[in-house]
Each structure stands twice: as structure tokens, then as C-alpha cells.
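Q: I am new to this structure. Please take a close look at a single part of it, and then at the aromatic rings.

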Amino acid sequence: MAIERRRAVRVLLLDPDGRVLLLHGTDPATPGAEWWITPGGGIEPGESPVEAARRELGEEIGLTEVEWGPLVAYGTVEFSFRGRDYEQEQWFHLARTGRREVALRQSGAEEHALLLGLRWWTAGELRTTAETVYPRGLAALIEQVVAEGPPEPPVRL
């Protein structure tokens, strides 16, 4: 089976306490497989990464008013979802919100039915959890952003 290549954007959304928002996901093709990921998704044709980040944040949690920061990380990841193999180039954009309460949107059932919930995580919680969190290296990146500000240049995850 051929690998599908795609471009995606992820959002490192921080609340006023420096916690990062992660979405709890699952793959119906792999029963029992669950993980935590940053909000985000595929970049549509003609869309810039920042435009895609704004759209995805609105679609997934209905949040459109955030303070956008710079690109903080990038990388390539290979994964399987719904029985298809992907190679994904992805960019991570920093954003901040004054809100502590957010919720998954109920629209877009096809995509969002695979999301089980969300929560804010501290870097310390990310370092010690036994749960699967993507991308690897997220705890160190969040610690750096909170303590020192966004990395310059962006780091590879």
C-alpha cells in the first residue's frame, strides 16, 4: 500500500497558566489505541499554514480569538490511521488564550467523532504521564516556551 504524503499544522495553545491543550484521540481501525495530540490537521490546497491553524482551532474547539505567536517547531511523522499509512510534514504554531474552559465542537462528526475529549496539561504532567502523547519532545518544548519564550529558530520535533 502506498504512503499518502500530507502537509499539516498543529497548534501549541497555551492557557494563562502555561498549560498546553491536548486532544484525546483514538483510531477505530486499532481498538484500544488512544493518544493525546495538539489541535490541528491537514493544510488544504491554497491555504497557508497559519490559515489552516486558525481553521482547525475553530473547527475542533470553536476558538477563534487567540493571540497567535510564531512557528516554534516542525518535523515529519509517519503514522497509520484508519488502515492507511501517512507521512506528514507538520508545523507547530504557538497560540495563547485567556480562556481556561474550552470544549470539543460537535460539528464535523466524521473527523471529530474520533476525538474523545480534551484537557490542559502542564509540562510536568507531560513528562510523567504513562499515556501516549504526540509529538515526542512536547514537554521540553513547552518548558522552553514558558520559561524562555519561543525558540529561535524553530526546533525539529
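**A close look at one helix**

A: In this predicted model, the buried residues of helix H4 pack against strand E1 (4–14), strand E2 (20–26), strand E5 (67–81), strand E6 (84–96), helix H3 (123–128) and strand E8 (155–156). Helix H4 itself spans residues 138–148. Its buried residues are Leu-138, Ala-139, Leu-141, Ile-142 and Val-145. They lie on the same side of H4, because they cover an arc of only 165 degrees around the axis. The face turned away from that buried side carries Ala-147 and Glu-148, which are exposed. Just after H4 comes Gly-149, with a positive phi of about 95 degrees.

Now the aromatic rings. The whole structure holds three aromatic pairs. Trp-36 and Trp-121 make one of them, an edge-to-face pair. Their centres are 5.2 Å apart, with 70 degrees between the planes. This pair links distant parts of the chain: Trp-36 sits in strand E3 (residues 34–37), Trp-121 in strand E7 (residues 115–121), 85 residues apart. Both Trp-36 and Trp-121 are buried. Phe-79 and Tyr-86 form a stacked pair, at 5.2 Å centre to centre and 20 degrees between the planes. Phe-79 is partly exposed, because its relative accessible area is 28%. Tyr-86 counts as buried, because its relative accessibility is 12% and the cut-off for buried is under 20%. Trp-121 has a further neighbour: Arg-119 lies over the face of Trp-121, at 3.8 Å from the ring centre.

How values were computed: Residues are numbered from 1 along each chain as its sequence is written. This is a predicted model: local features need pLDDT of at least 70, side-chain atom pairs count only at pLDDT 80 or more; totals for chains, interfaces and linings use all residues. Side-chain values use heavy atoms; hydrogens and water are left out. Rings of Phe, Tyr and Trp (its six-membered ring) pair if their centres lie within 6.5 Å; planes under 30 degrees apart count as stacked, over 60 as edge-to-face and the rest as tilted. Helices (H or I, at least four residues) and strands (E, at least two) are DSSP runs, numbered from the N terminus. Buried means under 20% relative accessible area, exposed over 50%, partly exposed in between (1.4 Å probe, protein chains only). A charge sits over a ring if NZ of Lys or CZ of Arg is within 6 Å of the ring centre and within 35 degrees of the ring normal. The arc is that of the directions from the helix axis to the C-beta atoms. Contact means heavy atoms within 4.5 Å.
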